[in-house]
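Welcome! Please keep the view open as you read.

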Amino acid sequence: MNPVIEVTNLKKYFTTPRGMLHAVDDVTFTIERGRTLGVVGESGCGKSTLGRTIIHLHESTEGQILLNGKDVTNLKGKDLRQAREKMQIIFQDPYSSLDPRKTIDSTIREPLIVSRHFTKSQIDQKTQELMDLVGIDERLRKAYPHELDGGRRQRVGIARALALEPEFIVCDEPVSALDVSIQAQVLNLLKKLQKEKGLTYMFVTHDMSVVRHISDDICVMYLGQVVEKCSSKELFQNPLHPYTRALLSAIPSTDIDKPNKREILRGEITSPVNPKPGCRFAARCPYANEECLKLQKQEEVSPGHFVRCCRLQEISSSYN
Amino acid sequence: MPKTTGHAKKQGGFATVMKQMSKNKAAMLGLVILSTEIILAILAPYIIPYDYSFMDMTNMFAKPSAAHFFGCDDMGRDIFSRVLFGARYSISIGIIAVAIGSAIGCTIGAIAGYFGGQVDNIIMRLLDIIQAIPGMLLMIVISAVLGPGYFKTIIALSIGTISGMARLLRAQMLKERENEYIEAAQSINCSKFRIITSHLIPNCISPMIVSATMGVAQTITLAAGLSFIGLGVQPPIPEWGAMLSAARQFIRQAPHLVYFPGLAIAVTVLALNLLGDGLRDALDPKLKN
Amino acid sequence: MHQKEIKTDMPFLSIKDLKVEYKSDGQIVHAVNDVSLQLERGKTLGLVGETGAGKTTIAKSILRILPDIGSHIANGEIYLEGENLLKLSENDMRKIRGNKVSMIFQDPMTALNPVLRVGDQIAEVVSLHSDNNNRAEHEKRAKEMLEIVGIPAERYYAYPHQFSGGMKQRVVIAIALACNPDLLLADEPTTALDVTIQAQVLDLIAELRNKYNTAMLLITHDMGVVAQVCDTVAVIYAGSIIEYGTKQQIFKHPSHPYTIGLFGAIPDMNEDEEWLHPIDGLPPDPTNLPQGCSFSPRCKFATDACRKEAIGMYKTQDGHDCRCCCIEAVMKGED
């Protein structure tokens, strides 16, 4: 057991004119060194906020974040800067995540300059190494982001995140803006880098086929809460939470002989602003009854498989 | 069409802008007029045929002629020399006042735009108060308090440009701040100062340049206006507005006293506006194709 | 008025040798190159391809809503029920748009006017395409349409911001279908939506298509959506159709190296694999397409012949065409 990141009861609320927006509500997990935790969910479920809160782009409202066993929850100033060098992020949008007025070279160089650990010649050398590592041609060194395609831009974003040799990287939908043929190039690169450098990833995405490919463990989020958490294999073989099942069945399969039996969800999505204590999926859940309006607890149904659903015992028998 | 082609066009800031501008004939005309005026203003002491304050009473109200291209004024001073020399004052007042005003305005706007919240609120309300006073009135009040003179006019005019610039930069910053590259800069430990100066301002600067160019034109007319009512630069300094002001009592018998300084102001303002329009198009990446 | 020529022995929609060019910075962008396709009533044709392959341009050419400045249809014919749309006057074209042919745009968030009630936006379309001025009747029709797309009629008076993304997209679909179009152009109708909502919307579209026997051109980059909805598939690469066939033919026997690569690059939902198989390289610059086959610079089967001259369509099976001159080598290489 060598956890790099341990998150306990993490909460992130935003104040909005209509009340408290529960973006991340009571999330707990650990990620072992060199492994990948996939976080899946639909837009607005708080998966991006979760990643950003862990690396301190947002301040957490409650809960604890441990990095290599050290509490980094409320760090400020110099300590925060030190911790951040170990935790980096790769962004979703390869268009807005690079400064349009900076060359590729100066974008990759910037973290090295800001850290003040290196001399000029070390920075030159490291920038070169990073460009080779992520596969960017030397001739693009002085190019501007708008001259590059999405895949290459994303490589620049990866090089920038790797510059300070972090241990933990939040990948926030890094391939969802890319075409499939380019997406595969970037996913392979991320996997290669993980193997070579022993990186630990938290991989946020809405694409189930991508998350299945890259993750060791998966958290399924719905409106700020983790509704199911288990190993990647287990999730796809034995999904238990009604939401996970609906999510999996909704993915259009490319196998035309086996069209999936879809569980079409009805009802409207509950608002994450001042939510009621019960199950947040209840309004769309085909199995919901009065019990679901009570506070839901996360339970371990089999070793390493956690589900947040009070009616699991009753309804799982109806699954086939 | 997509930009995903990997097809590279080199972009070196200034060169690209000039290339874009060169397609716009009106803007190039503005640039040519303005550069000519600035060069003439700089060389004015060497090329003017007469001293601008030399009074030749025999030539009072002389009509334009080969000896005096623009004629002479009520004290027999050569108007051509005075207009040429006056360019030094009028244009420099415009440029310096806008430069000072922009520098202060940008600093205030950057602070308000980046930090937001209470800081933003307080700054913006103060600017609201300043903007609630009509521009010309504000300038008259400040000039009246400071008194007339070249530098005092510059100060009065620069105070007037601050709030517009501050608002513009703040609005730009609020928009740019939403981009992920700002979060990326935070995540690699950039200080707030570095984020503002190295990332935000370079991305907000284009509209500021355009606005400043147009601002110079506006400031020149305002300076002329102040001189006209006797608050700006004082005679015998041949500032264009002051010349107009002095000439207005003779407008019936010798209209050429009004024509030439008036024309100088009009041409300069037109040139600056053409240039500003051209810059707006050249600096806007959306209009690049 | 010119004589309307109507050819009767034609499929419902037939596009012949369509070629669209844009002018950009003095360079010509070859957006669509010699695209030909047919579509029958009640059928769905999927246009599949990557960003910038020219899919949306094809749809916009049918409606003739390409931007006026810089783009023009250089060549080709588009027949709807035997009538060449490219020869119609703008006035006649206006009667076709929304009435016979309508389009669903990709982004539901920006397609609705935020200051008008959603119901009124549907009613407006109805009134524009109806002969009478009976306001109450248009409103009734709009309410019907809302019910059809699964939104209660009492939400007629709601504003777009009160709706979720999926509901907005359903309103957009209601608007597109309000005049019972014969042809529906759906440009990535579900890309901006979550999968669970996407499933609802796809079901709805399929249901309505069956009910009204509408022909549909579905533009997407998602192979899964194609598998679910389409009857025939056209794979577009760099503005040309490189493979064309029924869904079974394309999914069971992909023949063009690009199509094969596309399937290979998708992470498999049923099998574990250590590495994905991306297609090397990048799509070509549309201002400067390579000579011969436009996929040849990325193709591992490419020979000198591929790089020389334009490649024609080869029939691999009845109704299955493939723009590749090395099919045999590709098929062997695949086994």
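Predicted model: local features only at pLDDT ≥ 70, side-chain atom pairs only at ≥ 80, totals over all residues.

Helix 3 of chain B spans residues 79–115, and both B:Phe85 and B:Tyr89 belong to it. They are 4 residues apart, about one turn of the helix. Are these two residues buried or exposed? Both B:Phe85 and B:Tyr89 are buried.

B:Phe85 also has a charged neighbour: the charged end of B:Arg88 sits over its ring, 5.2 Å from the centre.

## Aromatic pairs

Searching the whole structure gives 15 aromatic pairs over all chains. One of them joins the rings of B:Phe85 and B:Tyr89: the centres are 6.2 Å apart and the planes stand at 50 degrees, so this pair counts as tilted. With B:Tyr150, the ring of B:Tyr89 makes an edge-to-face pair, because the planes are at 85 degrees, over the cut-off of 60. The centres of those two rings are 5.6 Å apart.

Where do the two tyrosines sit? B:Tyr89 lies in helix 3 of chain B, whereas B:Tyr150 lies in helix 6 (residues 150–176) of chain B, so their pair ties together parts that are 61 residues apart in sequence. B:Tyr89 and B:Tyr150 are both buried. Ring pairs also bring in B:Phe151, giving a cluster of B:Phe85, B:Tyr89, B:Tyr150 and B:Phe151.

## A lysine over a ring in chain A

Moving to chain A, you can find A:Lys12 over the face of A:Phe14. The distance to the ring centre is 4.8 Å.

## Where chain A meets chain C

Now turn to the contact between two chains. How many residues does each chain bring to it? Chain A provides 38 residues and chain C provides 41 residues. The area buried between chain A and chain C is about 3,500 Å², with carbon and sulfur atoms giving 57% of it. On the chain A side, A:Arg212, A:Pro252 and A:Ile256 lose the most area to chain C, and together they make up 18% of what that side buries.

Across this interface there is 1 salt bridge. It forms between C:Glu274 and A:Lys195, whose closest N and O atoms are 2.5 Å apart. There are also 9 residue pairs in polar contact across the interface of chain A and chain C. The elements giving two or more residues to the chain A side are helix 6 (180–197), helix 7 (208–214), helix 8 (232–237) and helix 9 (242–250) of chain A. Helix 6 of chain A gives the most, with 11 residues.

Technical notes
Residues numbered from 1 in each chain as written. Chains lettered and ligands numbered in written order. Heavy atoms only, no water. Phe/Tyr/Trp six-rings, centres within 6.5 Å; stacked < 30°, edge-to-face > 60°. Buried < 20%, exposed > 50% of the residue type's maximum accessible area, 1.4 Å probe, protein only. Lys NZ or Arg CZ within 6 Å of the ring centre and 35° of its normal. Contact = heavy atoms within 4.5 Å. Buried area = accessible area lost by both parts, 1.4 Å probe. Salt bridge = Lys/Arg side-chain N within 4 Å of Asp/Glu carboxyl O. Polar contact = N/O pair within 3.5 Å; in protein donor to acceptor, adjacent residues only side chain to side chain.
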